[in-house]
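Please read it alongside the sequence and the coordinates.

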Amino acid sequence: MRANQSEQESCGSQGQEPLPEWLSRGSSYEPSVDRDSFARRNVLALTRALAKLRSEVDPVGQRPWVDRALGVVTPALRLIGTLALVACVSMARNLAFAWLMLAVLLVLCAMRPAHRIAQIVGPAALAALLAFVVNVPAILLGQASAPVRMATKTFVTVGYVASLAQALGSDGMVAALRGLGLSPHIATVVDLALRDIVLLGEAATSLSEALSLRSVGTNKDKTSSAAGVMGVVFVRAQRLATARAEAMELRGYGLDWTGGRTRYRLRMADAAYVLALAAVVASFAYLEGAMV
Amino acid sequence: MSLVEFSNVCFAYPSSQRLALDGVSFTVDEGEACALVGPNGCGKSTSLRLLVGLDHPSLGEVRFAGELVDASALRDARFTKRLRQRVGLVFQDPDAQLFCPTVAEEVSFGPRQMGLSTEEIERRTDDCLRMFDLERLRDRAPWRLSGGEKRRCATACVVSLAPDLLCLDEPTNGLDDASRAGMVAFLRSFVAAGKTVLVATHDLQLVSELGARTISLAGR
Ligand SMILES: Nc1ncnc2c1ncn2[C@@H]1O[C@H](COP(=O)(O)OP(=O)(O)OP(=O)(O)O)[C@@H](O)[C@H]1O
Ligand SMILES: [Mg+2]
C-alpha cells in the first residue's frame, strides 16, 4: 500500500510519465560554502533599493499636512514648479542656492513619516554618491570642489523630483503631464518611462531572488549571471510597459471622452504656489547675482 | 447579426515566423456565454487581442457588432470609444494591467477616463469592490496583493467600464474555491443580465458551470 501510494505521487498529473530520477530522488546534496556570495548579495541590495523607489500614495487622510496643502495645487503646475527648481539648482554657479534649497527640502522631508523620508532621501543619496564618485577625477583637473558641488546639486534635484513623484503617484503624474498639454500618447510614454525606473527595480529584485534561490553551491560565474539578470530585467520591463500601456488604452485612457479639457481657472492654492515659486526664483537670481 | 464575428482570420506576431492563428472562424451572439478552448499556444489569448483591436489580422476579418475592427477603424475616435466602452478584456497576466497607487483608484480608472460624474464613479467603484470582495483592500497598493486578489482586482477594473461583452483570459487561474465561486456567480449573473461573456480557458468545470458554448481552436 505504501509503496503503491508513493509511486502514484511520483507520477505527474498526466499519470503516465514518471518523473525523471534526478527529480524524484530525495536531495542529499550539501552545498559547499559560497565565498563569492558578495556579488549576489550586492545585486540584491541594489535592486531592493531600486524597488523602494516605487512611489506609493497614502490615502488623503494619512498624508502629512504639507502634502495635503500641496495636493490642492494643480498637478501640472507642481510639475512645472519642480522642473523650474531643478533648472535653477543645476544652473546655479555657486552653492548658496543649492544649500538653501537643500534646507527647504530637509524641512519638507522632516514633516513626513519615516518610511516616506527614506523613499526620498534614499534615491537622492544614492544618486549623490554616484555623482560624487563620477566627479572625483575632476579634482585632478584642478576643480577641487566639483565632487561636492555635483553631489549636493544631485541630492537636491533628485530629492525634489522623488518627493513630487511620491506625492503625485502615477495617476497624478499622468494628470500633470496631460495638464501640460502633452498629447495623451506622449504623456503615456513619459509617464511609463518615469515608472519603469521603478519597475526595473522590482523586476530585478524578483529575478535576482530567483537567481539566488537557484545558485546553490559555489558559482564561479557571478558577474555573468548578474549581467544576465540585468538583461532579462530590461526585456521584462519593456514587455511589462507595453502590456500596461495596452491595458490603459483598453480602459479608455488617451481618448477624449468629455470633448475638450475643462477650462483652467486660477485657484487660491495655485496662486499661492506661484508666489512661493517666484520667491524661490527671486532668491536664485539674488544669490547668483550677489556672488558675481 | 452576431456580436463577434471572426472569419478566416490569420495572424502572425511580427517577431515570429509561425502563424499564431491560421484561418480561425467563429461567431459569438449577443447574450451568450462562450468559451475559447484548446491546448497551450493555440491562439486563445491572441484571438482576444485581435477582438479588442490590439493587433490586427494579416488575413481575414474581425467584426464587432457588424463593424470591422481594423487599423483604419481604430483611427476613428468615435469608433474606438464605442469599442472600448462596449468590450472589456481582462488579460491573462494580472500584473501587467494594474498601475494605480490604490485598489480603489485602479477600479475607478476606467470610469474616470470616461469622464463620468463623481457620484457615478463612486457608485461603480463601490459596487465593483463589493462584487469582487475587495472592500477590505481598497486602500492597498495593487502590486502588493496576492495573485488571486490581483486577478479579482483586474476583473473589477474592467467590469467598472460596464462593457456589453466581457472577455476574460483564464479568469479562474489562481483563485481559491471561494473566489472562484464568486467569479462564477458574477459571470452567471452578468450573462443573465443579457450581456455577453467570452472566456479563454482550460477550466472545463468553469465552462459547464457557465453553460458556455465551446469554441475549440485547433492546436498544431
Ligand atoms: N508576443 C508574442 N510574440 C511572438 N509570438 C507570440 C507572442 N505571444 C504569443 N505568441 C505565440 O503565438 C501563439 C499563440 O499564443 P497565445 O498566447 O494566443 O496562446 P494561448 O492559446 O493563449 O495559450 P495558453 O493556453 O498557454 O494561454 C503561440 O505559439 C505563442 O508562442
Ligand atoms: Mg493564453
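The model is a predicted one.

**Antiparallel sheet**

- Strand 4 and strand 5 of chain B form a hairpin, with two residues between them. In the turn, A65(B) has a positive phi of about 50 degrees.
- Strand 4 of chain B is also joined to strand 1 of chain B, by five bridges and in antiparallel fashion. Here S7(B) stands opposite E61(B) of strand 4 of chain B.
- These pairings belong to an open sheet of four strands in chain B, ordered 2-1-4-5 and paired antiparallel. Strand 2 (21-28) and strand 5 (67-68) of chain B are at the edges; each has a single partner strand, so one side of each is left without a neighbour in the sheet.

**Parallel sheet**

- Chain B also contains an open sheet of five strands in the order 6-7-8-3-9, with parallel pairing. Its edges are strand 6 (87-90) and strand 9 (213-216) of chain B, each with a single partner strand, so one side of each has no neighbour in the sheet.
- From one strand to the next, the twist of this sheet averages 20 degrees.
- Four bridges connect strand 6 of chain B with strand 7 (residues 165-169) of chain B, and the two run parallel. In strand 7 of chain B, C167(B) is the residue opposite L89(B).

**Helices against sheets and against each other**

- Helix 1 (residues 44-51) of chain B lies across strand 1 (4-11), strand 2 and strand 4 of chain B. Helix 1 runs at about 115 degrees to strand 1 of chain B.
- Helix 6 of chain B lies across strand 6 and strand 7 of chain B, at about 170 degrees to strand 6 of chain B.
- Helix 6 (residues 147-159) of chain B also packs with helix 4 (residues 103-113) of chain B; the angle is about 30 degrees and the axes are 7 Å apart. Helix 4 of chain B makes this contact through V103(B), E106(B) and V107(B), and helix 6 of chain B through C153(B), A156(B) and C157(B). The residues of the contact comprise five nonpolar, no polar and one charged.

**Surroundings of ligand 1**

- Ligand 1 is surrounded by 14 residues, of which G41(B), K44(B), S45(B), T46(B) and H202(B) are the closest. By class, the shell holds three nonpolar, eight polar and three charged residues.
- A nitrogen atom of ligand 1 lies 3.3 Å from a polar side-chain atom of S15(B).
- In the side chain of R18(B), an N or O atom is 3.0 Å from an oxygen atom of ligand 1.
- G41(B) places a backbone N or O atom 2.8 Å from an oxygen atom of ligand 1.
- Ligand 1 taken alone exposes 640 Å², and the protein buries 67% of that area.

Key
Residues numbered from 1 in each chain as written. Chains lettered and ligands numbered in written order. Predicted model: local features only at pLDDT ≥ 70, side-chain atom pairs only at ≥ 80, totals over all residues. Heavy atoms only, no water. Near = heavy atom within 4 Å. Polar contact = N/O pair within 3.5 Å; in protein donor to acceptor, adjacent residues only side chain to side chain. Areas by Shrake-Rupley, 256 points an atom, 1.4 Å probe, with all protein chains shown as cover. Nonpolar A, V, L, I, M, F, W, Y, C, P; charged D, E, K, R; others polar. Pairing = 2+ DSSP bridges. Contact = heavy atoms within 4.5 Å. Axes fitted to C-alpha atoms, helices over the stretch in contact; angles between N-to-C directions.
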